[in-house]
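Visitor: I have the model open and some terms to check. Could you take me through them?
Guide: Gladly.
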Amino acid sequence: MTDIPRLIPGGELVAYPPAEMWDNWEEYDARSWPNKVKHSYQLVPTTCFNCESACGLLAYVDKETGDVAKFVGNPAHPGSRGRNCAKGPATINQVHDPERILHPMKRVGKRGSGEWIEVSWDEALDDIAGRMRKAIQEDRHNEIMYHVGRPGEDGFMDRTLKAWGVDGHNSHTNICSSGARTGYAMWMGHDRPSADFANAKFILLLSSHLETGHYFNPHAQRIMEGMQAGAKLATIDPRLSNTASMSDIWVSPYPGTEAAMLLAIARLLLEWDAVDHDFMRRWVDWEGAVAAKASDRPQTYETFVQLMKDTYAGYTPEFAAEEGGVKPAAIIEIARGIEAAGHRFSSHTWRSIGSGNLGGWQGARCLWFLHVLTGSVGTVGGTSPNTWDKFKPKHWNMPPPHSKWNELLWPKEYPLAHHEMSILLPHLLKEGRGKVDVYFSRVYNPIWTNPDGFSWLEVLTDEDLVGLHVALTPTWSETAWFADYVLPMGVASERHDTQSYATYAGRWLGFRQPVLRVAGEKRGETYERTYDANPGQVWEETEFFFDLSWRIDPDGSLGIRKWFESPGSPDKVVSVDEYYGWMFDNSVPGLPETAAEEDLTPLQFMRKYGAYEVDNNVYSVHERPADGGVEVDGSGKTGFPTESGKLEWYSQTLNDWGWEDASVPTYLKTHVYWRDMDMAGNERILLPIFRLPTLIHTRSGNAKYLYEISHGHPLWMNPEDAEALGFETGEMIRISTGIGYFVMRVWRTEGIRPGVVAASHHLGRWRLDDEQGNERWSSALVDISQKDGGWMLRQKKGIGPFESDDPDSSRIWWQDAGVNQNLTFPVHPDPVSGMHAWHQRVRLAAAQEGDRYGDIFVDTAKSHEIYKEWLAMTKPGPGPGNLRRPLWIHRPVKPTPDAYDAGG
Amino acid sequence: MHTTPAADTAAAESATWANIAVRWSAESNFDVWQDLPGAEALVIPDVDVRDDLERRARRWGYRLADGDLGDVAMFAAALARAEADAWAADDGVLATQAYEDRRFLAADRIVPWAVPWLLAASRCFPDLRTDASETAAALLRIGEQHRLAPSLAGNEGLRLPGHDGYGPAGQPGELTDRICSLWGGLVVFRRSLISISGEEIGARRPEARWFTDVELRGNIATWYEIGAARWRCLAEQHPGTGAYWLDLARRASETAEIAK
């Protein structure tokens, strides 16, 4: 046996440059090897902008060239701890992308004609502000709309829109997470979970988000830590995701049946009495439930337990297994795992069932039910509400709420919608419910990302419906092509924002900053605006909205300017240093003291480290004493922001607003229920919502490294289905939805359950001009025409090499841009949550003669019909008290209570 | 302490490295060491890797001896063992750092030169044929497992962190320098030079008069053209380290052109 030396790690064992050396870090140039050519860098921390996790990055600013040379993880960031997924370091591609938009551009021809001229920021700001001023003066506030894709800073646009007095906040949430949010909110008011994975003993995931490392890389790290410490991981997902492949248990049910499985687990826990009765008795509003559902029985906790047992008596493992097409043993195994873990049971769901299915919001509700039963709420190794683990700083000089209500965003048919009904905007505009005079799309691409993109194209090209479209974007997109202004906004290293997300049982605040500006200021340079330091004229939203707001109200007569005046000199616009300086001085507990220990101001500290941990070991916040809080055991406690202050198994709100059948956690039949489908024929369920770990919607098309890794877009099909339908890998297939069809290629794989086919929503980028309008690293050149009463999109050219300043562009070897399948999906708004139900009933057939790869056909008249079919499922407001919407449910840019009154 | 698949994998690799270390010490390979020792600094002269190796070793409290193949392989064995121990002790941070350093060591300080040296030694030293081939195969397996340098489209594209291959591409250089360094595309032993020239020579260095001899230049060109083809084959068989071998193929072709 060879004697292998044992190593003794010493003090030098560090993976990152120590922070005290960040101002003057030297490295040898790898490409000059073997010659030793030294480069000096200024290392400036910032926050990744490629997904919402807000991981820390460290930019290497070359002192000689003044350019960013690379990005690595920021070891001082408490959430990501220096570890990033592929998308973080790929920010370097986005900075140096030869295709990027470097100057503000204004349309000069017809919308979508591709004729642009460069304009100055002054010209753009004056034009846009003038139009907004007129709308506000004429009391047309509701014609101003801000539509956000990638959120930046929590509360920043709340502040801005309140200052304008505009109820115009629109978001991407109802194509993303409204479903899961509704399920969680109905239990606890908080709309999102925060799992303590690292300390868990059993982890249950209903999605492929986490270990896949796409979103939530900080979560993935902690799941791995939990598993290293012995935790079991179970994943419920029809597709064999990276997460599923690393799990101890993978269960692959028919989509939409997951809630039945979760209720079967709940039933088992009740049957085994694996229930934390003390927690339930104290923290569940069982009194309200018994009064509403068993008024004729003794009003006791025991009655409540029996009520639950009675309610779920039919949810045997055998029933749930039959319903989901899985084995009962798998359900029992998961239930045993949860039972054994007790308080150390962590779980997560976000999209998956919640975003795929009609009634999918009940999935999150049934999952949270398991935490309530086991008392694993806010415990070590359990799951907390995310707001406990997310830090929201206060904003300087916050304006009061406005009193407007915009029915284009909050239509009366969807009074419980968790967020704005953004997917319906084209249909509401077509119905004449209003118009939009100034529409900001902010890092958002609804034509490509949303369902029914051709309806978006129709309204965005109709100047009577959308007067002025301003695209604030770091990169070209299909939607920006149809804008009037394309205004270049910075990527992770070119902008200011604060950001925080729940990643563990603690709270942190990250600071995104323009690294060239910060490095320049350290050298003694001064900058009026961030675009003076960024590449070209690339700007940031913070300063953009400060300046825009000022120009809407230059004399202060509209009452807007005062919110954007410098506190030191009111004749000037507030600066970013003043704005963030106030925030860090006044609203981040502990930061001023920590900064003072290093003889820094709080702002200097955040500029130096890029992040600050406010607290950790945050557990059981609901138990904290609170004056006026919910009374438990004779004293006031913080509790939960529900109507009762406790967790609500029974929802009076759902009952009162017409959803009696869904007032407790239950299993609702999905619109893609497999028993209703012609599975013996060629009908199947299309699962179109899964992610690739290396891409991010429309913002990674400018990252060559990421597309070199991910550039294939097949339709996943189980061999059983492939045999039955006669498909081989690589064969072209026509997939027909309710409003059209698309053509792609088949991939036979055991990684998807029979009866379900799947295609990622991360590919399928296109452009209408050979040399502009979208990234040539990632998009196909297409032609759009009208044919047979609908829209036809046909690829003229796939991805290929092109000439640019970057020699890599001539070496592109991949060709497949994928297929923009979302164009062929009608809107499916869930009548309760408002969430778009993404899954589709599709017919599969061999491609027909004349079909080409990437062909897409859509009939938007049919899509409007389907919108109306789903509209017919709603139970419109007003509800109790003549309210448009319950006051207690979260709402972005919440107006004053009187705005909730539906009036006469 | 408990066993995990990650610990088992690292422990197995530790044993592989230890075998390489034991087999390729200077003492047990007198002939080949007399010709061209198995050490990066000699296979690619003018490259000072000592400080890089020492810096990496110092962080782990490891003392390097000569920096030859046996020495750096033992360091890799120790890093793999440290990783296995750390996984077993639930210390994921330490395990990851040990893994990262071992991967870097393999990618930057061992595989790129040791595989060419071993393959050349297996051809020039019949007694070593089996051992050298088996060791090269073991290194190639490790390269596949860790994907040390995947074949990519060009010579830029994605590079592993810190990986710098054989130095800048397209350096013309003198023919003598190219022959004496792997930088030129091949490991050339003294025995190789004897074979090329048909002359008994004392030093591992071509003589200046060779380059005025058209026939001899032709022999050198052929030697390098064959070498380039071998590298291309190796790259196809081992895509996990293909970028190294494609790079060497290009360098060998350039040397052949210069020789012509």
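Visitor: Which domains is chain A divided into?
Guide: Chain A has domain 1 (21-84 + 496-528 + 575-613), domain 2 (178-390) and domain 3 (674-871). The bounds come from an automatic or database domain assignment. The centres of domain 1 of chain A and domain 3 of chain A, taken over C-alpha atoms, are 39 Å apart.

Visitor: What rules sit behind the numbering and the values?
Guide: Residues count from 1 along each chain as its sequence is written, and chains are lettered from A, with ligands numbered from 1, in the order in which they are written. This is a predicted model: local features need pLDDT of at least 70, side-chain atom pairs count only at pLDDT 80 or more, and totals for chains, interfaces and linings use all residues.

Visitor: Why is A:D599 called exposed?
Guide: Exposed means that 12 or fewer other C-beta atoms, placed from the backbone, lie within 10 Å of the residue's own. A:D599 has 8 other C-beta atoms within 10 Å, so A:D599 is exposed.

Visitor: Where is A:D599?
Guide: In the loop between α21 (591-597) and α22 (602-609) of chain A. Helices here are DSSP runs (H or I, at least four residues), and strands are runs of E, at least two; both are numbered from the N terminus.

Visitor: What is the phi of A:D599?
Guide: A positive value, about 60°, although A:D599 is not a glycine. Most residues other than glycine have a negative phi.

Visitor: What makes A:D633 count as exposed?
Guide: A:D633 has 7 C-beta neighbours inside 10 Å, so A:D633 counts as exposed. A:D633 sits in the loop between β21 (625-632) and β22 (635-637) of chain A. Its phi is positive, near 50°.

Definitions and conventions: Buried ≥ 20, exposed ≤ 12 C-beta atoms within 10 Å, placed from the backbone.
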